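Visitor: Please take one part of this model and look at it closely. Then carry on from there.

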Amino acid sequence: MRKIPVYAHPAAGWPALISSTRKLMDYKAFLRGSISVLHSNQPKGGFDCPGCAWPDHKSHKAIDVCENGIKVIASETMSTRADAAFFAKHTVTALQGWSGYELEHSGRLSEPLYYDAAQDRYLAISWQDAYVRIAQQLQQLDSPDEALFYTSGRVTNEPAFMFQLFVRCFGTNNLPDCSNMCHEPTSVMLGKQLGIGKATVVLEDFEQAKLIMLFGQNPATNHPRMLEMLAHAHKQGCRIISINPMREQGLSKFRNPQKPTHMAAGQSDEMVDEVIQIQIGGDVALLTGLAKWLTKNDRINSDFIENQTSGYDALDTWLRQQSWTDVERGCGISKAEIINLAKLVADSPATICTWGMGITQHVQGEDNVAMITNLLLLMGMIGIDGAGASPVRGHSNVQGDRTMGIHERPKQSLLDNLERVFKHPMPQEHGLDVIAGAKALMQGTIKAFISMGGNYAVAAPDKSAIQNALTNTQLNVFVATKLNETMLYPGKNNLILPCLGRTERLMTVKGEQFATIEDSMCQVVPTQGRLEPISETLKSEAQIVADMATHVLGSESSIPWQAMSTDFDIVRDYIAEAIDGFENFNQRIRAAERGFHLYHPARHHVWNTDSGKAQFEVPQYPITYVAAQMAQTTSTYQHHIKDSKNSNNNQNPEQKVWQLTSVRSHDQFNTMIFGFQDRYRQTDRRDVLFMHPDEMSRLGWQQGDQVLVSRQDSKDQQRTLGPLILTEMDIAANAVATYYPECNDLIDLDSHAPDSRTPAYKSVTVVLERIHQGSIASSA
């Protein structure tokens, strides 16, 4: 075994503080950013950090933000502006050649802009003229369904509620959002199995858990505030197991910047007890092995199953049909190791299963969530202290936006409530999600695209095709704080409307306003910026929605849009009437420092499912699905090599078929690229392909070689990425990884889970070709 270079230091600690300080300086946001850091996640008059959706602990800290959060804050509080003067220096065509990093650092959007094709530049426009253009174009559509209204999870509850109301009053349910691309399998399967698509745990459950199983997560990079809770749980005697194809170095030890003893004396807390390196896409197979052993050996909670669940017999029959050979082949873990883990599950009185997008972003993502839930149900781990399902969302309010009605497939009860409260008919047909919306854009049936935040084209698969499609629309509108790639492919009318950031004060004629968000664990908390806005021209998202609604809907609308935009209490009163669980919203949000927890029926063994009980679900895909995909690709590749008259490749073709997963670096947040340092993976570039050094040796390759990555998509078209620089990582056999979103053009719009339709960013079968042997430096 070749030794893998690893990050030898604990997660966080001094490197995190140094990196955070440098990032504030890099963005020229040291003063504004530092002030905001002090107000981040504070209970009285503070704002909720937009860096992740991890909940706030009930105990108060003077500084309660992580490295990732500080980077997001630095990005938002930068003093540089991307205004009309900036665009006077740069044509849009020239900006199309800028990297995501360069666009991210171009500055805060600070005045409304429109695209002038003759000059190929964005020019300043008045707010009034912008709204008139929007209204003219939307009113000219043959159908409201010719418009697509996208939402990012950074939008707070009040403007999100207003936005979905405006869109539905306009006449369509075309309300895709970033959930479509991340945790949709969670929402679909938890909804089907438990009656609600949200976490069944609260933060305090982590203090009482005896076993925590982390599936497909890298908290050190994506939600570092979780590390403190994991370290605390471990210290309390909880056993923590990471199930991941990659051995993430940020999960070994944690040096808490909040603890002076840690920082001064170099102390750190242990976290993960064991890493189980399954094959990419092997989660269902592993969970099948666990469930198979537990049921066969009667180590399950029979009383809970009998009284609270439905569908056990079908699952048990299916489990008996699965062979241990297929289980091992599907996950790459031996039967003995699986049994050892099963015994830990059987002996634990309180187990939490927590997961990220390493579980959901697969073709079989719904099966992954279903089997995690099945495991919890087998053990009776729903509705007891210290146990339950804990999906961890990425955006700070992606869950809240869905609760507010941002959904292309709304429940009938929501539509009925909206009609009752606002006396306005609501569209009944389901709308377009991200995948269907992108296809409709390409087909030319979408004539208008309006985005509340986000970077739609880059976050979705088929980036280049979506960008090209956007140039053929009649109208594109972007409500945003920063410039991104999606804005640079203008249609006939292209508008950028700059909005206030989460850190900035929202003053109206009714005084200073606060908004709310819902975190990953159903806690609704207030958020209130404290900084003076970067520009007097900025408007709140609520004001922009109200102004668009007023101009588009005109006198036909009896809804008090302008009153809502200036007084969020009015919005919350409407939410209380229309959204279940928000009764007495204004009183409850002011009654406690940390807001309130939404009622979760499954925590109380109330199952709002079709059967009236918690539902076991049998997976749709074979547990050897990924292995079969690789075998099929290998066969196709061998046939190609055999028939190729010009091939001089004498290597074994089987060695060249791999399963590829996408990862985020330690210096990015979703599609926002802060820098090029991935501290825990020890690289300072993004054009890399991670591979285990033993696998490199097997191929006769080495670190620094240049490699092309290709795959045949669902339409049998070849897609290619690269060249990428081969870089060592402790990753499972037959697996490689590269960075999101750069790899998104490898993934087509038809590679997704069947019901949730979430793209398979985490698992596609690829072929590798070394095109240059060299020693290009790839480590920091």
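Guide: Strands β20 (residues 515–518) and β21 (residues 523–527) pair in the antiparallel sense, over four bridges. The model is predicted: local features need pLDDT of at least 70 and side-chain atom pairs 80 or more, while totals for chains, interfaces and linings use all residues. Numbering runs from 1 along each chain as its sequence is written, and side-chain values use heavy atoms, without hydrogens or water.

Strands here are DSSP runs of E, at least two residues; helices are H or I, at least four; both are numbered from the N terminus. Pairing takes at least two DSSP bridges between two strands. Ile517 has Val525 of β21 as its bridge partner. Four residues lie between the strands of this hairpin, and Cys522 there takes a positive phi near 70°.

Now the side chains of β20. Ala515 and Ile517 point one way, Thr516 and Glu518 the other. All are buried, that is, under 20% relative accessible area with a 1.4 Å probe, protein chains only.

His105 sits elsewhere, in the loop between α6 (100–104) and β3 (108–109). Is His105 buried or exposed? His105 is buried, because its relative accessible area is 16%. Contact means heavy atoms within 4.5 Å. Beyond its neighbours within four places in sequence, His105 is in contact with Asp26, Tyr27 and Met78, and also with Ile673 and Phe674.

Note on methods. Buried means under 20% relative accessible area, exposed over 50%, partly exposed in between (1.4 Å probe, protein chains only).
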